Amino acid sequence: MLYELATLSCPLLAVGQVSAGVEAWLDDPDAKGELVGCWRSEIGTLGRLIVLRGFAAPEDMTAERRRALLSANPFNAGPVITALEMDSYAPFPFLPPIRTGDRGGVYEVRTYRLRPGGLPPTLAAWEAAIGPARAYTQHLVLNMYALDGAPRITHIWGFRSLEERAALRSRAYEAGIWPPKGGPDQIAEATSTIALPQGRSPLS
């Protein structure tokens, strides 16, 4: 499975309109892939809709990328959106498939730009840390590494509240089981967005 993470920027009051356009885009008979999650940014840069789709075949993801690029009305929201980013990812190979449904309702989308050559040690560090930090990492929805652009990983977490997130992270840090040992050494830049489910997101 490969993933596309699309970020659509728009005026603050237009998120609902963009979301409706995305749903129509995904319902098109020519559309490929499967919607995994759709969120609106709540903390971070506002006026953004984040769309995660999965693809069983690389050519399907390429076809969808081409469909958006060659459209005068990408995601059926062209007149409204002010910027569009589409990034290709592969999942960390040792993680289980995404489990959709109710994962808490408060999501964190966290991206680390890595130092060149930093992906192999990052993968090794995460694989070693996932089990011991289970109380925290069971909230991990997905971690994936970019197939294009700068070396980076993006991980998505689901929580019931920001308070739950803070408490879990604090306990894991105090126990010395998180962050993954050696992982932060590979991070050149980190960004985080708190996002809420939008529309018919399978991750609710």
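Helices (H or I, at least four residues) and strands (E, at least two) are DSSP runs, numbered from the N terminus. With that in hand, hello everyone, and let's walk through this protein.

A quick word on the source. This is a predicted model, where local features need pLDDT of at least 70 and side-chain atom pairs count only at pLDDT 80 or more, while totals for chains, interfaces and linings use all residues. Residues are numbered from 1 along each chain as its sequence is written, and side-chain values use heavy atoms, with hydrogens and water left out.

Let's start with the whole. The protein has 5 helices and 8 strands, and from the N terminus they run β-α-β-β-α-β-β-α-α-β-β-α-β. Its C-alpha atoms fill a box of roughly 50 × 35 × 30 Å along the principal axes. As for burial, 48% of the 204 residues count as buried; buried means under 20% relative accessible area, exposed over 50%, and partly exposed in between, with a 1.4 Å probe and protein chains only.

Now let's zoom in. Within that stretch of the chain, helix α3 covers residues 119-130 and includes Ile130. Is Ile130 buried or exposed? Ile130 is buried, with a relative accessible area of 19%. Leaving aside residues up to four places away in sequence, Ile130 touches Phe94, Leu95, Thr137 and Leu140, where contact means heavy atoms within 4.5 Å. Between Ile130 and Leu140, 10 residues apart along the chain, the C-alpha separation is 9.4 Å.

Next, some backbone geometry. Most residues other than glycine have a negative phi, and most peptide bonds are trans. Against that background, look at the loop between α2 (58-69) and β4 (83-91), which holds Phe75. Phi of Phe75 is near 55°, a positive value. Asn76 sits in that loop between α2 and β4 too, and Asn76 has a positive phi of about 55°.

One last stop: the peptide bond from Trp178 to Pro179 is cis, with omega near 5°. Pro179 lies in the loop between α5 (162-175) and β8 (187-197).
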